[in-house]
Amino acid sequence: MAEIKTISDSEFNNYKNLLEEYKTEREIVKQNYHDRSKILTSKIHELEHIITKEDGIRNKRGKYWLDYKKDEIFKLYERGESIKNIANKFETTETSVIRAIEDKCWYIKRIDLREHLLKTDGIVNDSLPLDTLFYRHIFESYIYKDKKILTVGDFYKNIKSLNKREIKKVENEISNVEFWYEYWKEKQNKEWRYHG
């Protein structure tokens, strides 16, 4: 029995080729759409983040307002503005200003301390500044600053001019730092595992 044909072979092959071309074009369009969609989604998330952040700052509420306020308080403090003036400017208490400054200093000085310890292999040497050593209680380091004791080396040179309480504070901080160094070293050497 002869093969039944409604269209010629060349026309049939043209349809097959056209079908393959359309499928290929559709895949390219899909891929382009997917790539463009990823780019647009990224831009949308970025803009949403900027708008949410700005909205929080403008309306003085939420995490972004608190972060902005801490940054501004710290900038004013670094310029030499008094804590009382900063508190008046932000309509808050002096204790809140001190806490904001300590939070910012804690973050900065902790990084400095970590870098120092990793560089010196956990040894607290004479060059370590006391305000870095007292990263958790930055205002306690001012007791020593007023006496012109700025580093651990200065502390040991002037140890006779300090009372027992002041000496004990520094020694406690040095022993705490040794604990933190061991913790950071262990964390650095630990293999990362996914527990999902």
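Is isoleucine 86 buried or exposed? I will come to the answer by way of the whole chain.

What we have here is a predicted model. The mean pLDDT of the protein chain is 85, and 95% of the residues reach 70 or more. Confidence is highest in helix H3, residues 83–89, with a mean of 92. It is lowest in helix H6, residues 142–145, where the mean is 80.

Now the overall layout. The protein chain has eight helices and zero strands, so along the sequence the pattern reads α-α-α-α-α-α-α-α. The C-alpha trace spans about 115 × 45 × 25 Å along its principal axes. The radius of gyration is 32 Å, whereas a compact globule of 196 residues would have one near 16 Å. Of those 196 residues, 24% are buried. As for contacts, take those in the chain with a separation of 6 or more: 46% of them join residues 24 or more positions apart.

Back to the opening residue. Isoleucine 86 sits in helix H3. Its relative accessibility is 0%, and because buried means under 20%, isoleucine 86 counts as buried. What is isoleucine 86 in contact with, leaving aside neighbours within four places in sequence? The list is Ile73, Leu76, Tyr77, Glu81 and Val97. Take Val97 from that list: valine 97 lies 11 residues from isoleucine 86 along the chain, and their C-alpha atoms are separated by 7.2 Å.

Next, Ile73, another name on that list. Isoleucine 73 belongs to helix H2. It is buried too, with a relative accessible area of 1%. Setting aside neighbours within four places in sequence, isoleucine 73 is in contact with Ile86, Phe90, Val97, Ala100 and Ile101. Isoleucine 73 and isoleucine 98 are 25 residues apart in sequence, with 9.2 Å between their C-alpha atoms.

Helix H2, residues 62–78, and helix H4, residues 94–119, pack at an angle of about 90°, and their axes are 9 Å apart. H2 is therefore roughly perpendicular to H4. On the H2 side the contact is made by Lys70, Asp71, Ile73, Phe74 and Tyr77. On the H4 side it is made by Val97, Ala100, Ile101, Asp103, Lys104, Cys105 and Ile108. By class, this contact of H2 with H4 has eight nonpolar residues, four charged and no polar.

H4 also meets H8. Where H4 and H8 cross, the axes come within 10 Å, at roughly 75°. That angle makes H4 roughly perpendicular to H8. H4 contributes Arg110, Leu113, Arg114, Leu117 and Leu118 to the contact. H8 contributes Val177, Trp180, Tyr181, Trp184 and Gln188. The residues in the contact of H4 with H8 divide into seven nonpolar, one polar and two charged.

Is glutamate 166 buried or exposed? Its relative accessible area is 7%, so glutamate 166 is buried. Not counting residues up to four places away in sequence, glutamate 166 touches Ile143, Tyr144, Lys147 and Phe155.

Technical notes. Residues are numbered from 1 along each chain as its sequence is written. This is a predicted model: local features need pLDDT of at least 70, side-chain atom pairs count only at pLDDT 80 or more; totals for chains, interfaces and linings use all residues. Side-chain values use heavy atoms; hydrogens and water are left out. Axes are lines fitted to C-alpha atoms, for helices over the stretch in contact, and angles run from 0 to 180 degrees between N-to-C directions. Helices (H or I, at least four residues) and strands (E, at least two) are DSSP runs, numbered from the N terminus. Angles under 35 degrees count as roughly parallel, over 145 as roughly antiparallel, 65 to 115 as roughly perpendicular and the rest as oblique. Contact means heavy atoms within 4.5 Å. Ala, Val, Leu, Ile, Met, Phe, Trp, Tyr, Cys and Pro count as nonpolar, Asp, Glu, Lys and Arg as charged, and the others, Gly among them, as polar. pLDDT is the predictor's confidence in each residue, from 0 to 100. Buried means under 20% relative accessible area, exposed over 50%, partly exposed in between (1.4 Å probe, protein chains only). The radius of gyration is taken over C-alpha atoms; the globule rule is 2.2 Å times the number of residues to the power 0.38.
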